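Me: I'm new to reading protein models. Could we go through this one together, one question at a time?

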Amino acid sequence: MTPKALEGVKVLEYADFVTGPYCTKLLADLGAAVIKIEIPGGGDPSRRRGPFPGDIPDRERSGLFLYLNTNKRSITLDPAVPMGRKIFTALVEWADILVEDHAPGAMEAMGISYDALRGFNPKLVMTSITPFGQTGPCSGDKAYGLNISHGAGSGYLTPVAEAEDDREPIKAGGFFDHCCSGLSAATATLLAFYRRKLSGDGEHIDISEQEASLAYDRVEVGIFANENFIVRRIHSGIGVALAPCRDGHIVFAATGNPLHWESLMAMMDHPVWAKEERFTDQASRFKYAREINDHLSKWTVNHTTEDLYRRLAQAGIPVGIVRSQSDLVEKDAQLKHREFFTGIDHPAAGELTYASAAYRFSETPWRLDRPAPTLGQHNDEVYGGILGYSREQQVKLRQMGIL
Amino acid sequence: MTTALRPLTGIKVFDFSATVLGPTVTRYLADHGATVVRIESLSHLETTRIATPYGGNQPGINSSGYFATHNAGKLSITVNMKKPKAMQVVERLIRWADVLIESFAPGVMARWGLSYEDVRRIKPEIIMASTSLQGQYGPYASHRGYGQMASAMAGWYEVTGWPDGEPVGPYSAYSDFIDWNFLLVSILTALDYRRRTGEGQYIEQSQLESALQFLAPAILDYEFNGTVAGRMGNRDPYAAPHGAYRCLGEDRWCAIAVNCDEEWWAFCTVLGDLPWSREERFQTLAGRKANEDELDRLVEAWTCERKAEDVTAVMQAAGVPAGVVQNAEDLFGDPQLAHRGHFAVLDHPEIGPYRIATSCFHLSRCPNNPLSPAPLLGEHNELVLEQFLGMTKDEISDLVAEGVLE
């Protein structure tokens with residue numbers, strides 16, 4: 001079997017829900033050995049959040065958990081009690097990297113702050129994720145994804161309206177903010193890990209989810225920095241049109257480039273309205289974008305998304321279909337050709353289709369080696385194998401509620 | 001300015017990318033210590049060189065504030081790829097580099113004789129990364145598009161917006177804004193693999209495949225139940241109230257997220273135990289979800305008489321997650337971001353001092369501030385050709401005479 005890029009790298013995850021587990025999922029998918037610590041009893045709260053088959057809650061069949069925890073191992077452990085803490089520090093000695101997401105001060109209160117853990121493993125790279133960072137005037141504030149999205153400024157720009165609108169700003173769909181933060185945490189962790197090999201020093205990384213979400217390019221930040229102008233939720237008229245079709249929507253941009261415009265007009269059999277002078281030159285077309293879109297919509301609505309996509313793409317016009325999750329899995333010929341989706345069997349949830357990686361390596365290709373673990377699935381392997389506890393000792397720890 | 005060693009000190013990057021995605025990757029590589037050389041050309045100006053906003057409102061190829069943001073800390077050389085001798089410079093840059101990143105339409109690099117196979121013949125251990133809209137191969141590989149198209153194809157339009165509205169999508173060229181970090185992760189991983197094995201490799205990114213990663217959990221809902229995720233505005237199936245509520249002032253809002261009964265009780269206390277908040281139907285999550293439209297109206301009746309900052313303060317004091325919906329001006333005045341030093345000021349020879357966001361994470365032993373402003377077009381031709389590539393003055397004069405360095 002081909003090697004994986006991060007083979008041999010050891011990661012301990014003491015985090016839950018989306019952000020921390022997404023960070024370690026990226027590392028696990030790249031080949032790191034990830035041990036996920038879950039609280040005895042309920043485990044990761046994402047196990048209690050759907051989607052579930054038949055919408056029936058089942059901690060081993062949460063789609064969110066299954067996606068975020070592929071390629072990892074799960075153990076149960078409560079590091080908040082003294083014996084649990086001792087086991088935790090033994091795992092820290094084993095690990096190269098620790099990813100945690102506890103509120104500022106919480107790790108210290110448990111006696112497992114970065115300074116304390118360095119005593120067990122001076123080369124440890126520890127990545128701490130919190131909504132606003134470890135220190136500062138708002139570091140104690142509580143925040144969920146909604147608050148982070150809006151606190152980082154992306155909500156204020158969403159959704160993009162065609163005209164001035166009085167409705168509230170909204171967040172992007174899904175767990176955008178948490179995923180951004182988990183992805184940035186993975187970047188930072190890899191940088192620190194790379195440096196550690198050169199310098200021998202460990203490192204403590206302080207991730208603020210607000211700051212991480214803000215880093216995803218925000219045109220309005222640059223505009224304000226240069227022009228003191230506050231961008232609002234209004235379409236900036238860059239010429240990308242959303243157009244209704246018989247079976248959905250497409251987005252396309254044909255008003256700018258004169259060649260694209262001519263191709264489109266030919267496709268539409270040179271409609272009479274387009275002969276008006278204000279529609280014939282490029283700058284003027286930007287100005288009258290809304291009227292043009294109204295005209296175009298009357299044409300697009302008679303066609304299917306696939307048909308228009310094919311014809312516009314052939315003409316070299318930038319175009320995309322507004323796709324749903326089902327379209328992606330069922331209809332996208334490009335993703336199918338590239339074998340983007342892959343299946344793996346899970347003991348409780350069965351055979352499921354998963355998205356593969358965001359990148360393709362020539363020498364160390366991505367692959368799904370193991371489905372998400374059941375709660376505590378790897379207790380034996382980790383407690384017995386890595387930590388060397390006997391069966392009797394493990395039974396005792398289980399009776400004490402530590403694992 | 002500090003000279004402390006950074007994680008990527010000594011790593012050499014040949015940046016053959018353009019616009020936003022690639023340059024954001026190399027900006028991070030530069031911030032964390034790599035030496036990044038960008039190839040540009042006077043004959044085919046990089047889009048963001050001539051993109052607004054302009055620093056100091058002075059249009060010019062060296063004063064785009066957008067370019068200045070994404071290219072701080074890099075070096076710029078100009079090479080006209082239409083000239084045959086351009087390849088002399090490119091080949092030497094490949095020999096010099098640890099990492100090559102490019103964002104041309106699929107096929108362009110191969111036409112220049114610069115496919116990965118060609119490049120690794122020049123430098124076997126190179127890490128080469130290509131990014132394109134839908135990947136280097138497959139039936140749609142040649143299709144053109146911006147971030148808006150990749151975002152729509154990846155599913156973002158379908159899930160962002162109001163339930164009763166059109167699929168308007170998130171702002172601007174959205175996929176470009178999230179995809180860069182996936183490419184960065186893959187390059188850092190390849191560097192680590194090379195350090196351990198001595199082997200380089202080729203990384204291929206389809207921007208569509210990267211852009212749909214964050215929404216991938218919803219694919220399992222379709223797998224399980226045939227359910228297709230739709231638009232929910234700010235709402236969440238597991239929480240209520242959960243929204244952005246109008247506050248005093250023009251376009252001022254507070255985002256409040258109540259995720260459990262404890263937070264609901266604290267929320268009611270902050271509101272002063274208003275009679276409606278004690279109604280039976282609002283005492284459970286199921287009840288609040290069933291009556292969410294009315295709940296949102298009642299919450300907003302309270303928030304709209306108060307300033308967003310004041311609502312945030314009283315909610316947070318009671319342990320209720322709340323925060324101002326921040327616009328760009330708020331971000332620059334945000335005390336927490338200021339405490340973390342999120343924005344820095346660089347001094348640019350044409351723009352003057354300009355504000356810039358720094359790397360979004362902090363390593364305890366390494367600074368992360370950009371070490372220099374964005375380069376002027378071709379500012380480092382001599383430095384790079386002479387010192388990095390070892391060309392003689394005569395060789396460089398020949399290239400100048402033949403218009404290669406334009």
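**Two chains, piece by piece**

Reply: Let's begin with chain A, where the C-alpha centres of domain 1 and domain 2 lie 45 Å apart. This is a predicted model, in which local features need pLDDT of at least 70, side-chain atom pairs count only at pLDDT 80 or more, and totals for chains, interfaces and linings use all residues. Residues are numbered from 1 along each chain as its sequence is written, chains are lettered from A and ligands numbered from 1 in the order in which they are written, and side-chain values use heavy atoms, with hydrogens and water left out.

Me: Which residues make up domain 2 of chain A?

Reply: Domain bounds here come from an automatic or database domain assignment. For chain A, that assignment gives domain 1 as 10-217 + 348-399. Domain 2 of chain A is 241-317.

Me: And in chain B, how far apart do the C-alpha centres of domain 1 and domain 2 lie?

Reply: Chain B is divided too, with domain 1 at 12-214 + 340-401 and domain 2 at 242-327. Their C-alpha centres lie apart by 43 Å.

Me: What area is buried between chain B and chain A?

Reply: Start with contact, meaning heavy atoms within 4.5 Å: it takes in 149 residues from chain A and 139 residues from chain B. Buried area is the accessible area (1.4 Å probe) that two parts lose on being put together, summed over both. Carbon and sulfur atoms give 61% of it here, and the total is about 12700 Å².

Me: How many salt bridges are there between chain B and chain A?

Reply: A salt bridge needs a side-chain nitrogen of Lys or Arg within 4 Å of a carboxyl oxygen of Asp or Glu. A:Arg360 forms one with B:Glu209, the closest N and O atoms being 3.1 Å apart. Between chain B and chain A, the count is 12.

Me: Which helix gives the most to the side of chain B that touches chain A?

Reply: Helices are DSSP runs (H or I, at least four residues), strands are too (E, at least two), and both are numbered from the N terminus. The helix in question covers residues 174-197 and gives 17 residues to that side of chain B. Its name is α8.

Me: Which residue does a cis peptide bond join to A:Thr158?

Reply: Omega of this bond is about -5°.
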